[in-house]
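Then we can walk through it together.

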Amino acid sequence: MLRLPNRSDPLLGRPLALYRAESHRIEVVYVAIGKMTNRLAEVKPEDPLEFWLPLGNGFPKNNAENKVQHTILVAGGIGQTPFLMYCQNRQERVSLLYGARTASLITCMDDFRQLGIEPMIATDDGSKGFSGFATDLIEKVYQSGESTQLLCCGPLPMLRSAFLIAQKLGLSCFVSLETPMSCGLGICFGCVVPYRDSENADWDYRRTCIEGPVFDAYKLRWDC
Ligand SMILES: Cc1cc2nc3c(=O)[nH]c(=O)nc-3n(C[C@H](O)[C@H](O)[C@H](O)COP(=O)(O)OP(=O)(O)OC[C@H]3O[C@@H](n4cnc5c(N)ncnc54)[C@H](O)[C@@H]3O)c2cc1C
Ligand code: FES
């Protein structure tokens with residue numbers, strides 16, 4: 001959670017993913033769309049910022065119990081930000097599918113290339129890469145016979161569409177939600193999402209700030 005110290009406007013902090021973290025330095029990448037991010041864009045190098053971190057969970061680790069051969073990362077909008085550190089620690093083959101509305105909004109891709117990952121880019125208006133949605137590329141990179149998981153971050157319609165494809169192909173699928181937050185600490189319940197442990201269980205809620213933002217897509221409710 002990011003706050004501007006000694007300011008009460010905006011009153012609430014805003015969640016931002018950690019893009020890169022190295023010893024005493026962290027990096028975030030943001031798109032200036034509202035009050036906080038536009039003010040952040042005016043911050044000078046010597047200005048203090050207040051970060052509460054780390055909060056919440058992350059994408060599941062690929063380990064001996066969870067042996068995945070191919071991870072398909074699906075990112076939309078500014079949803080590529082949590083994936084760089086995932087890629088730094090990957091053990092499996094990774095495909096990055098990144099969708100943006102238009103070419104001028106594409107960012108960070110060289111950092112992925114430096115890790116040896118050539119992103120497949122899609123734009124809604126066809127100004128760069130594939131003309132269409134990043135989710136349209138999932139079935140193009142998926143190879144049956146390989147143990148594959150989908151990890152997704154971006155706007156809700158993209159997450160829903162990625163989940164439906166995962167369901168069709170029988171793949172595991174985890175999504176990082178961009179739910180707005182208030183306290184960020186699990187106190188206000190302002191960030192709850194419908195959730196159930198299994199298909200037969202009753203629906204309940206989980207807090208995106210401390211029990212997410214990453215959830216097993218099969219446990220979330222997509223019809224509301
Ligand atoms: C876990 C997590 C990680 C995230 N990581 C990142 C990240 O790495 N980088 C990043 O850029 N973002 C990230 N986000 C999203 C970011 O937190 C939000 O976009 C945040 O709201 C931006 O704050 P803001 O004050 O600039 O915009 P806000 O003022 O909160 O506005 C956000 C959006 O709502 C619209 N809006 C605001 N008020 C109204 C209104 N009255 N009516 C209609 N629309 C309105 C704005 O136009 C804008 O599109 C993340 C979110 C989550 C939950
Ligand atoms: S933001 Fe307050 S409980 Fe999640």
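We begin with the sheet, move on to a residue inside it, and end with the ligand and some backbone details.

This is a predicted model, in which local features need pLDDT of at least 70 and side-chain atom pairs count only at pLDDT 80 or more, while totals for chains, interfaces and linings use all residues. Residues are numbered from 1 along each chain as its sequence is written, and chains are lettered from A and ligands numbered from 1 in the order in which they are written.

Let us start with the sheet. Seven strands form an open sheet with mixed pairing, in the order β8-β7-β6-β5-β9-β10-β13. Its edge strands are β8 (130-131) and β13, each of which pairs on one side only. Helices (H or I, at least four residues) and strands (E, at least two) are DSSP runs, numbered from the N terminus. Two strands pair if DSSP finds at least two bridges between them.

Now find strand β5, residues 70-76. Which strands does β5 pair with in the parallel sense? One is β6 (residues 93-100), joined to β5 by seven bridges, and another is β9 (residues 148-153), with six bridges. Is β5 mostly covered or mostly open? Six of its seven residues are buried; a residue is buried if 20 or more other C-beta atoms lie within 10 Å of its own, exposed if 12 or fewer, and partly exposed in between, with C-beta atoms placed from the backbone.

Follow the chain onward from β5. Together with helix α2 (residues 83-88) and β6, β5 makes a right-handed β-α-β unit. Right-handed means that, with the strands pointing away from the viewer, the path from the first strand over the helix to the second runs clockwise.

Next comes β9, which also pairs in the parallel sense with β10 (residues 172-176), over five bridges. Here Cys153 stands opposite Ser176 of β10. Helix α5 (residues 156-169) packs on the sheet and touches β5, β6, β9 and β10, and its direction makes about 170° with that of β10. Such angles run from 0 to 180 degrees between N-to-C directions, and the axes are lines fitted to C-alpha atoms, for helices over the stretch in contact.

Cys152 also belongs to strand β9. Why does Cys152 count as buried? The reason is that Cys152 has 31 C-beta neighbours inside 10 Å. Beyond its neighbours within four places in sequence, Cys152 is in contact with Val74, Leu159, Ala162, Cys173 and Val175; contact means that the C-beta atoms, placed from the backbone, lie within 7 Å.

Turn now to ligand 1. It is surrounded by 21 residues, and the closest are Tyr30, Gly34, Met36, Thr37 and Thr81. A residue counts here if its C-beta atom, placed from the backbone, lies within 6 Å of the molecule.

Last, some backbone details. Most residues other than glycine have a negative phi, and most peptide bonds are trans. Asp9 and Pro10, however, are joined by a cis peptide bond, with omega about 5°, and Pro10 lies in the loop between β1 (2-3) and β2 (20-22). Ser23 has a positive phi near 30° and sits in the loop between β2 and β3 (25-27). Ser23 counts as exposed because it has 5 C-beta neighbours inside 10 Å.

Methods
Contact = placed C-beta atoms within 7 Å.
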